[in-house]
Amino acid sequence: MAVWRMLGLDVQRMALNLFAAQFTNGNLGKTIGQALEKHALSPADIEIEITETIALRSDDQILTALSELRDCGINIAFDDFGTGFASLSTLARLPVTRLKIDRSFVQDLCNRPQGAAIVSAVISLGRSLNLEVTAEGIETDEQRIRLLALGCREGQGYLFGKPVTASDDCWLDRKWLPAKRASNA
């Protein structure tokens with residue numbers, strides 16, 4: 001991220017997927033803090049993504065590590081939200097700052113009323129809990145427009161670009177903006 005910024009790329013945050021074992025070693029906060037300091041990055045520059053596997057464990061060691069990261073200013077996203085067995089009480093215990101709507105719901109958004117209802121409910125839940133909401137797996141402009149209409153202002157998916165490695169030099173400059181309206185001129 002530091003190198004990309006030196007190259008002039010506007011990288012606002014980077015998401016890191018962690019495994020349960022990384023939360024149980026007892027020094028996750030220290031390790032991340034040292035990496036941020038070494039590369040002159042701030043805690044707000046990264047976001048830790050946790051899956052339901054980690055959320056469901058939610059033992060004291062994991063909750064303590066998540067709380068320490070959050071207290072340091074690191075954001076925490078609940079990835080693939082709604083696809084597993086986590087309950088709303090699990091969500092209430094976790095110090096998350098973002099819900100990521102799983103792509104399976106986004107795929108159904110334009111085809112099934114149930115898909116649209118679930119997406120709308122997750123967006124509403126996120127707003128009620130003062131959480132950011134990101135839709136995953138956006139592949140069509142119709143999905144993007146529907147998500148915007150439902151109040152989801154952030155998304156990711158092939159519509160915006162395919163995953164690339166850090167060494168790839170093909171960066172897409174697509175933005176998460178409403179579609180241009182046709183003019184009458």
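Modeller: Buried means under 20% relative accessible area, exposed means over 50%, and partly exposed covers what lies in between, with a 1.4 Å probe and the protein chains only. By that rule, buried residues make up 37% of the 185 residues in the protein chain. The model is predicted, so local features need pLDDT of at least 70 and side-chain atom pairs count only at pLDDT 80 or more, whereas totals for chains, interfaces and linings use all residues. Residues are numbered from 1 along each chain as its sequence is written, and side-chain values use heavy atoms, with hydrogens and water left out.

Biologist: How many helices and strands does the protein chain have, and what makes a run count as one or the other?

Modeller: The chain has nine helices and six strands; both are DSSP runs numbered from the N terminus, helices being H or I with at least four residues and strands being E with at least two.

Biologist: What makes Glu 47 and Arg 98 a salt bridge?

Modeller: The rule asks for a side-chain nitrogen of Lys or Arg within 4 Å of a carboxyl oxygen of Asp or Glu, and the closest N and O atoms of Glu 47 and Arg 98 are 2.7 Å apart, which meets it. Because Glu 47 lies in strand S2 and Arg 98 in strand S4 (residues 98-101), the pair ties together parts that are 51 residues apart in sequence. Both partners are buried.

Biologist: Which parts do Glu 139 and Arg 103 tie together?

Modeller: Their side chains meet in a salt bridge at 2.7 Å, N to O. Glu 139 lies in the loop between strand S5 (132-135) and helix H9 (141-150) and Arg 103 in helix H7 (residues 103-108), so the parts joined are 36 residues apart in sequence. Glu 139 at 35% relative accessibility counts as partly exposed, and Arg 103 at 40% also counts as partly exposed.

Biologist: What separates Glu 142 and Arg 146 in helix H9?

Modeller: Glu 142 forms a salt bridge with Arg 146, the closest N and O atoms being 3.4 Å apart. The two are four residues apart in helix H9, so about one helical turn separates them. Beyond this pair, salt bridges that share partners join Arg 13, Glu 47, Arg 98 and Glu 154 into one network. The count of salt bridges comes to eleven.

Biologist: Which residues touch the most other members of the largest nonpolar core?

Modeller: A nonpolar core is a set of buried Ala, Val, Leu, Ile, Met, Phe, Trp, Tyr and Cys residues joined through side-chain atoms within 4.5 Å; among the 45 residues of the largest one, Phe 23, Ile 48 and Ile 50 touch the most other members. Helix H5 (residues 60-71) gives the most to this core, with five residues. Among the residues that Ile 50 touches, beyond four places in sequence, are Phe 23, Leu 66 and Phe 78.

Biologist: How do you know whether the pair of Phe 78 and Phe 81 is stacked, tilted or edge-to-face?

Modeller: Rings of Phe, Tyr and Trp (its six-membered ring) pair if their centres lie within 6.5 Å, planes under 30 degrees apart counting as stacked, over 60 as edge-to-face and the rest as tilted. The count comes to one aromatic pair. In Phe 78 and Phe 81 the centres are 5.3 Å apart with 80 degrees between the planes, so the pair is edge-to-face. Phe 78 and Phe 81 are both buried.

Biologist: What makes phi of Asp 80 worth a remark, and where is the place of Asp 80?

Modeller: Most residues other than glycine have a negative phi. Phi of Asp 80 is near 55 degrees, a positive value, and its place is in strand S3 (residues 75-81). With a relative accessible area of 26%, Asp 80 is partly exposed. Ala 40 also has a positive phi, of about 55 degrees, and at 70% relative accessible area Ala 40 is exposed.

Key: Contact = heavy atoms within 4.5 Å.
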